[in-house]
Amino acid sequence: IAYDDKDYGAAYDYYLKLRASPSRRPPRGLASNGLMKSGFNSGKFQAASQYADTLISLPAVSADVKNDAFYYKAKSLQQFDSSDAAAKIYKQLSTNKNGDIAAESRYHIAEILYKQEKYKEAETAANEAIKQSAGYDYWIVKSYILLADILVKENDFFNAKATLQSIITHTKIAELKQEAVKKLKDVKALEKSKSKLSEE
């Protein structure tokens with residue numbers, strides 16, 4: 001109930017009590033799954049990663065639960081600077097039968113490359129994410145926004161602005177439209193400041 005109410009800190013504490021249950025057969029998989037998810041959502045990324053490892057190692061858990069464990073493991077690792085380790089898991093998940101997880105994983109691969117300042121590789125990965133994620137509009141639009149960020153780093157302001165304007169015009173996802181509007185404003189300001197510097 002606490003987890004469903006998004007009270008993740010309380011949920012984490014309840015799952016800890018469940019895991020420490022003195023019964024002869026404590027529901028270790030259930031408790032670890034709850035600790036992994038509530039831990040991640042309450043910012044306990046290292047703990048979430050460790051509980052994901054526990055789930056992956058348990059022989060009795062279902063393939064879907066293990067799938068979730070790899071997903072949360074990668075997302076947790078990405079939060080505390082283990083980007084290479086996260087990227088390795090995302091690559092495994094990028095061909096996952098769960099299309100939403102696969103689409104998100106492809107996006108995060110490009111995002112990690114961008115944060116590592118490997119802009120050409122990030123651009124290739126973002127384009128690949130767009131091409132392979134048909135039907136998953138959120139992650140396609142996120143990949144286009146990332147492409148715009150990459151173009152800015154390459155000082156290609158014209159194409160960055162065109163990409164963001166296209167998102168603003170076409171996407172129906174309000175959150176991403178708002179993000180694109182803000183980024184377009186920032187790109188225009190950056191272009192203007194660089195233009196002034198070059199004139200001086």
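Is the crossing of H6 and H7 left-handed or right-handed?

1. A word on the model: it is predicted, with local features needing pLDDT of at least 70 and side-chain atom pairs counting only at pLDDT 80 or more, while totals for chains, interfaces and linings use all residues. Residues are numbered from 1 along each chain as its sequence is written, and side-chain values use heavy atoms, leaving out hydrogens and water.

2. To your question: the crossing of H6 and H7 is left-handed, meaning that the near helix is turned anticlockwise from the far one by less than a right angle. Helices here are DSSP runs (H or I, at least four residues), numbered from the N terminus.

3. H6 and H7 pack at an angle of about 165 degrees, their axes 8 Å apart; axes are lines fitted to C-alpha atoms over the stretch in contact, and angles run from 0 to 180 degrees between N-to-C directions. The two helices are therefore roughly antiparallel (over 145 degrees). Residues of H6 that meet H7 include Arg 106 and Leu 113, with contact meaning heavy atoms within 4.5 Å.

4. Now look at H5, where Ala 86, Ala 87, Ile 89, Tyr 90 and Leu 93 are buried (under 20% relative accessible area, 1.4 Å probe, protein chains only). They cover an arc of only 165 degrees around the axis, so they lie on the same side of H5; the arc is that of the directions from the helix axis to the C-beta atoms. These buried residues pack against H4 and H6. On the other side of H5, Asp 84, Lys 88 and Lys 91 are exposed (over 50%).

Note on methods
Angles under 35 degrees count as roughly parallel, over 145 as roughly antiparallel, 65 to 115 as roughly perpendicular and the rest as oblique.
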